Amino acid sequence: ICRLLVLVGPVILLALGISYLFFAPKEANHYFGYRTYFGMGSVQAWRFTQRLAGIVLGALGLVLTGVMLVISMGFAGMEVTDMVWAALKCLGVEAVLALVANGGICLAATFRFDRKGEYRGKKKK
């Protein structure tokens, strides 16, 4: 059960990354997609946010799946309590990395676009 528990999070991140990258709607909506305040202002802001979320979450899910697979193979020789504590540590690391990735995506959208979805720093005529 601990091996399965450790691998669920990275596989979900990988699935979300693939869905945001390849199956995201073309325009902003309130049902599916990676929604941020600054990412929903225009179509180009929406597409940028979906692409960035797909790349970041997909890469994080892929790397974490490999790392957690290697770590979970070492669970075989452990006692039950040690295995549970190791699994909890792995879950904590996964959660922190997922929060950092989400924060980075939101900050990238915030710094790239204004609230109307237009590029920041673009000179007005």
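Reader: Which residues of the largest nonpolar core touch the most other members?

Author: Start with the general idea. In soluble globular proteins, nonpolar side chains tend to be buried together. Now the case here, in a predicted model. The largest nonpolar core has 19 residues. Val6, Leu13, Leu57, Met68 and Phe75 touch the most other members.

Reader: Which elements give two or more residues to this core?

Author: They are H1, H2 and H3. H3 gives the most, with 7 residues.

Reader: How do I read two packed helices?

Author: Two packed helices are described by the angle between their axes and the distance between the axes. Take H1 and H3. Their axes come within 9 Å and cross at roughly 10°. H1 and H3 are therefore roughly parallel to each other. Angles under 35 degrees count that way.

Reader: Which residues of H1 and H3 meet?

Author: From H1 come Cys2, Leu5, Val6, Gly9, Pro10 and Leu13. They meet Met83, Val84, Ala87, Cys90, Leu91, Glu94 and Ala98 in H3. By class, this contact has 11 nonpolar, 1 polar and 1 charged residues.

Reader: How far is Ala95 from Gly9, by C-alpha atoms?

Author: Their C-alpha atoms are separated by 8.3 Å. Along the chain, Ala95 and Gly9 are 86 residues apart. Ala95 is in helix H3. At 42% relative accessibility, Ala95 counts as partly exposed.

Reader: Where can I see a contrast to that pair?

Author: Look at Ala76 and Phe48. These two are 28 residues apart along the chain. Their C-alpha atoms are separated by 43 Å.

Reader: How do I read a pair of aromatic rings?

Author: A pair of aromatic rings is described by the distance of the centres and the angle of the planes. The whole structure holds 5 aromatic pairs. One is Phe48 with Phe113. The ring centres are 5.5 Å apart and the planes stand at 65°, so the pair is edge-to-face. The cut-off for that label is over 60 degrees.

Reader: Which parts does the pair of Phe48 and Phe113 tie together?

Author: Phe48 lies in helix H2, residues 43-73. Phe113 lies in the segment after helix H3, which covers 80-112. The pair therefore ties together parts that are 65 residues apart in sequence. Both Phe48 and Phe113 are buried.

Reader: What does Thr49 touch, not counting residues up to four places away in sequence?

Author: With that limit, Thr49 touches Tyr34, Thr36, Gly39, Ile105 and Ala109. Thr49 is found in helix H2. Its relative accessible area is 1%, so Thr49 is buried. Buried means under 20%.

Reader: Which residues form one aromatic cluster?

Author: Tyr20, Phe32 and Tyr34 do. Phe32 has a contact with Ser19.

Reader: Where is Ser19?

Author: Ser19 is in helix H1, residues 2-22. At 14% relative accessibility, Ser19 counts as buried. Not counting residues up to four places away in sequence, Ser19 touches Ala24 and Phe32.

Conventions:
Residues numbered from 1 in each chain as written. Predicted model: local features only at pLDDT ≥ 70, side-chain atom pairs only at ≥ 80, totals over all residues. Heavy atoms only, no water. Phe/Tyr/Trp six-rings, centres within 6.5 Å; stacked < 30°, edge-to-face > 60°. Helix = DSSP H or I, 4+ residues; strand = E, 2+ residues; numbered from the N terminus. Buried < 20%, exposed > 50% of the residue type's maximum accessible area, 1.4 Å probe, protein only. Contact = heavy atoms within 4.5 Å. Axes fitted to C-alpha atoms, helices over the stretch in contact; angles between N-to-C directions. Parallel < 35°, antiparallel > 145°, perpendicular 65-115°, else oblique. Nonpolar A, V, L, I, M, F, W, Y, C, P; charged D, E, K, R; others polar. Core = buried A, V, L, I, M, F, W, Y, C linked by side-chain atoms within 4.5 Å.
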